[in-house]
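Some terms used for a structure rest on a cut-off or a convention.

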Amino acid sequence: MIPFLSLQNTNKPYHDDLIRIFAEKLEKGWFILGQELTEFENRFASYCETNFCLGVANGLDALTIILKAYKYPPQSEIIVPANTYIATILAVINAGLKPVLVEPLLDTYLIDSNQLEQAITKKTKAILLTHLYGKCCEMTAIQAVATKYQLQIFEDAAQAHGATYLGIKAGNLGDAAGFSFYPSKNLGALGDGGAITCNDESLAHEYRQLRNYGSSQKYVFDEIGLNSRLDEIQAAFLSLKLQYLDSENVYRQKIARNYLEQINNPSIVLPPSNSIDKDVWHLFVIRTEKRDKLRTYLAQQGIGTDIHYPVPPHKQKALSEFNHLCFPITEKIHQEVLSIPLNPTLQEVEIEYIIEKINYFNG
Ligand SMILES: *Cc1c(COP(=O)(O)O)cnc(C)c1O
């Protein structure tokens with residue numbers, strides 16, 4: 001049996017170090033807003049080549065805090081991809097703003113930069129992009145639109161730790177970026193975690209305050225903030241795992257290259273292969289009209305898969321005010337995509353087996 005993802009296996013190479021770190025932190029007895037957090041923030045800022053990084057409780061909070069800091073008038077419009085994990089859209093709503101959904105391109109699954117202008121109104125303040133599956137959006141075209149209409153660009157980089165666009169790291173491609181360290185992400189904690197990256201010092205100050213109750217110094221509250229902090233133990237785990245992120249991403253790229261070169265089933269559409277070593281392959285997503293049949297068949301062959309995602313955000317009950325909208329490309333993607341195993345613990349024989357079984361599928 002090849003599981004879609006086993007977090008036990010993912011963390012196995014770091015087992016002894018993780019235990020040692022836990023024991024040290026337990027002994028030290030300082031759990032929130034301390035030296036480990038500062039250290040991780042410095043390391044992750046340096047990794048993303050940004051001036052600042054602020055640890056927060058999770059990816060959703062990172063995006064929410066990014067938006068709150070700007071103090072846009074209530075119900076200002078933020079452009080978001082229709083094809084994204086729901087958190088991108090929830091962050092906009094949580095910040096008291098209005099998400100405006102834009103269709104993706106079918107061949108990249110990323111927001112279609114040609115459809116941005118028609119979504120812009122007088123109330124539009126920013127574009128919040130998702131580098132979905134670990135591939136950066138078409139930043140050149142998006143930056144041109146943002147400049148023309150004086151909009152901020154924010155990145156949902158929750159699936160893109162280490163991805164680059166024209167040599168620039170995800171997290172440094174806009175005004176601010178939100179990361180998630182949910183355990184299954186390319187850089188994953190042993191619990192929840194998140195971070196914001198940015199280059200502007202006053203913005204970083206605002207983010208630091210918002211994540212800690214709006215507090216500027218102990219027991220002084222300048223505004224209404226959140227309780228959203230990355231704790232010392234998770235920060236220490238993340239500092240350890242960050243050292244291995246690049247080599248794990250390179251291994252992900254190698255698996256992706258194998259899949260792209262060797263899967264040749266005519267009923268299956270493969271993901272874009274134009275920037276294999278710039279993308280970080282958080283997920284390897286294939287597409288077929290026979291998705292459910294393929295999923296059942298692979299399960300029978302002992303291969304675990306997942307769907308990212310089965311129901312689009314605008315069709316969720318939680319977002320009922322969007323249910324009447326029609327995004328045919330987004331809907332088609334949600335009906336046809338299937339994620340096959342791609343993670344740093346996958347063995348060569350397993351990769352070969354997966355390729356063989358997918359090529360043999362006769363839907
Ligand atoms: C995981 C994820 C998030 C949310 O991160 P959490 O840490 O679970 O809050 C947001 N956006 C995308 C695209 C994600 O994949």
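Q: What makes the crossing of helix 2 and helix 8 right-handed?
A: In this predicted model, the crossing of helix 2 and helix 8 is right-handed, because that word applies when the near helix is turned clockwise from the far one by less than a right angle. The pair is helix 2 (residues 15-28) and helix 8 (residues 232-242), with an angle of about 150 degrees and axes 10 Å apart.

Q: Which residues of helix 2 and helix 8 meet?
A: Contact requires heavy atoms within 4.5 Å. Asp17, Leu18, Ile21, Phe22 and Lys25 of helix 2 meet Ile233, Ala236, Phe237 and Leu240 of helix 8. Sorted by class, this contact holds seven nonpolar, no polar and two charged residues.

Q: What is the handedness where helix 3 passes helix 8?
A: Helix 3 passes helix 8 in a left-handed crossing. The term is used because the near helix is turned anticlockwise from the far one by less than a right angle. Their axes are 8 Å apart and the packing angle is about 35 degrees.

Q: Which residues make the contact of helix 3 with helix 8?
A: From helix 3 come Gln35, Glu36, Leu37, Glu39, Phe40, Arg43, Phe44 and Tyr47, and from helix 8 come Glu232, Ala235, Ala236, Leu238, Ser239 and Leu242. Eight of the residues are nonpolar, two polar and four charged.

Q: What is the strand order of the open sheet, and what is its pairing?
A: The order is 1-9-8-5-4-2-3, seven strands in an open sheet with mixed pairing. Strand 1 (52-56) and strand 3 (98-102) each have a single partner strand, so one side of each has no neighbour in the sheet and they stand at the edges. From one strand to the next the twist averages 20 degrees.

Q: Which helices lie across strand 1, strand 8 and strand 9?
A: Helix 3 (residues 35-48) lies across strand 1, strand 8 (176-180) and strand 9 (194-198), at about 130 degrees to strand 1. Helix 7 (residues 201-211) lies across these strands too, at about 10 degrees to strand 1.

Q: Where do Tyr309 and Gln75 lie?
A: Tyr309 lies in the loop between helix 10 (291-300) and helix 11 (328-336), and the peptide bond from His308 to Tyr309 is cis, with omega near 15 degrees. Gln75 lies in the loop between helix 4 (59-68) and strand 2 (77-81). Although not a glycine, Gln75 has a positive phi of about 65 degrees.

Technical notes
Residues are numbered from 1 along each chain as its sequence is written. This is a predicted model: local features need pLDDT of at least 70, side-chain atom pairs count only at pLDDT 80 or more; totals for chains, interfaces and linings use all residues. Side-chain values use heavy atoms; hydrogens and water are left out. Two strands pair if DSSP finds at least two bridges between them. Helices (H or I, at least four residues) and strands (E, at least two) are DSSP runs, numbered from the N terminus. Axes are lines fitted to C-alpha atoms, for helices over the stretch in contact, and angles run from 0 to 180 degrees between N-to-C directions. Ala, Val, Leu, Ile, Met, Phe, Trp, Tyr, Cys and Pro count as nonpolar, Asp, Glu, Lys and Arg as charged, and the others, Gly among them, as polar.
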